[in-house]
Amino acid sequence: MKHTQEIVQPTALTGGGKHHFFGYYDKSCWDASSRWIVGMETDFMDRPPRADDVATIGLIDLHEGNAWKPIAETRAWNWQQGCMLQWLGDASSIIFNDRVDGQWVARILDVQSGAERAIDRPIYGLNAQGTHAVSLNFARLQHQRPGYGYPGVKDPTKGVGEPEDDGIYSIDIASGESKLIFSLAQAAALGRTPDFSNTMHRFNHLQFNRAGDRVALLHRYKGFQALSEEVGITRLLTMGIDGSDVRLISDHRHFSHYDWKGSDEILAWASHHGTGLGYYLYDDIEGGEVMPIGTDVFDCDGHCSFSPDQEWVLTDTYPDEQDMRTLLLYHWASGERIDIGRFHSPPMDWQIRCDLHPRWSRDGRHICIDSIHEGSRQMYLLDVSEIVSSTSTLHQAASLANC
């Protein structure tokens, strides 16, 4: 397959002496009108956040010279995923996590009217329709996967390997009601193997499919004596939004960043018995087909996501020997990889690293990243409209190659 380079110059969206970022790659930071980008602002970037550290939430006005408008604050955030900040469906409201009276909550704020309400549980994943969310125990993540949890609330299940009263919760956004739908004990009982004994289990990386009716999740575990391990062993599960129809999709020990392709397939960097690490496409069927993707152009884990039209995959790499991260596009039909940027990323402690976490605009013509290549943590915009508009040409090339 073809591997080319077409560098796109980034435009800084933020600055002004403070640090700015959005967080994870699996959600868009643009509002429905494509005028506003939401982000976070901090005074520091050289250590993990403490319980008393406050981050400011603000809007970037793309129509007014990228002016920064602060609108809220949060005490529940980390460098990797922020405060799960995102737009609520197509509405003018944002939703994000916070800590209030010693408990994690989710706050919903109408950015135009200022009207606000709270849900008594934080969110992790939100469906595109803005009707349902899923949640987990961020206090457990704080001691099991530092850098993904929040400090400031004690974990009542700390020390319990397979709790029956902790796991994944569903949240009805309209009513604010939540309930436990799948416990860590249930996950540990599913396809149980001997190496589950005397291990600490957790969930991470919950994501809805495009239809909003199924959720993918990572089930991870590691030994009580190996709690310093970053990740441990990982399995991929999927389930209905009520916790029904649970499917074990991958149990090959390593499973990393992923994205849904439509509503019944998942692209992920993972291991697969007999073929090693790489990108694979999984059917959302237990025991379903697993297909290697881009084996001749991918050699590194990255934060992968499909464009809104599903024609392109956007991803990045971790720093190479020159401490450079590569930002790239992969055309699904033709298999062509196009490198669109290289960003310096000096060595940092793992908890405070600044991954690019590339995110698509809602129309698929722009990309937003977080980066420290200019010395501070900031948000940048890249215009990829000319590249993605070449889809028809690449389709023709792919068709000719398959003739």
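Is Phe298 buried or exposed, and what is its relative accessible area? Phe298 is buried, at 11%, where buried means under 20% relative accessible area, exposed over 50% and partly exposed in between (1.4 Å probe, protein chains only). Before the views, a word on the model: it is predicted, so local features need pLDDT of at least 70 and side-chain atom pairs count only at pLDDT 80 or more, while totals for chains, interfaces and linings use all residues. Residues are numbered from 1 along each chain as its sequence is written, and side-chain values use heavy atoms, with hydrogens and water left out.

**View 1. Phe298 and Tyr330 form a tilted aromatic pair.** Rings of Phe, Tyr and Trp (its six-membered ring) pair if their centres lie within 6.5 Å; planes under 30 degrees apart count as stacked, over 60 as edge-to-face and the rest as tilted. By this rule the model has 20 aromatic pairs. In the one shown here, the ring centres of Phe298 and Tyr330 are 5.1 Å apart, with 55° between the planes. Phe298 belongs to the loop between β22 (290–293) and β23 (305–306), and Tyr330 to strand β25 (residues 324–331), so the pair ties together parts that are 32 residues apart in sequence.

View 2. Trp332 is partly exposed, at 21% relative accessible area. Widen the view and you will find a cluster in which ring pairs link Trp269, Tyr279, Phe298, Phe306, Tyr330 and Trp332.

**View 3. Two arginines lie over aromatic faces.** A charge sits over a ring if NZ of Lys or CZ of Arg is within 6 Å of the ring centre and within 35 degrees of the ring normal. Arg121 is placed over the face of Tyr169, at 3.8 Å from the ring centre. Arg377 is placed over the face of Phe21, at 5.9 Å from the ring centre.

**View 4. An open antiparallel sheet runs in the order β2-β29-β28-β27.** Strands here are DSSP runs (E, at least two residues), numbered from the N terminus, and two of them pair if DSSP finds at least two bridges between them. This sheet has 4 strands, and its edges are β2 (11–12) and β27 (359–360), each pairing on one side only. Between β2 and strand β29 (residues 378–383) there are 2 bridges. Look for Thr11, which stands opposite Leu381 in β29.

View 5. Strand β17 (residues 233–240) is joined to β18 by 3 bridges; Leu237 has Leu248 in β18 as its bridge partner.

**View 6. The cysteines form 0 disulfides.** A disulfide is a pair of cysteine sulfur atoms within 2.5 Å. The sulfur of Cys29 is 3.9 Å from the closest cysteine sulfur, that of Cys368, which is too far for a bond. Cys29 is buried, at 0% relative accessibility. For Cys300, the closest cysteine sulfur is in Cys304, at 12 Å, again too far for a bond. Cys300 is partly exposed, at 23% relative accessibility.
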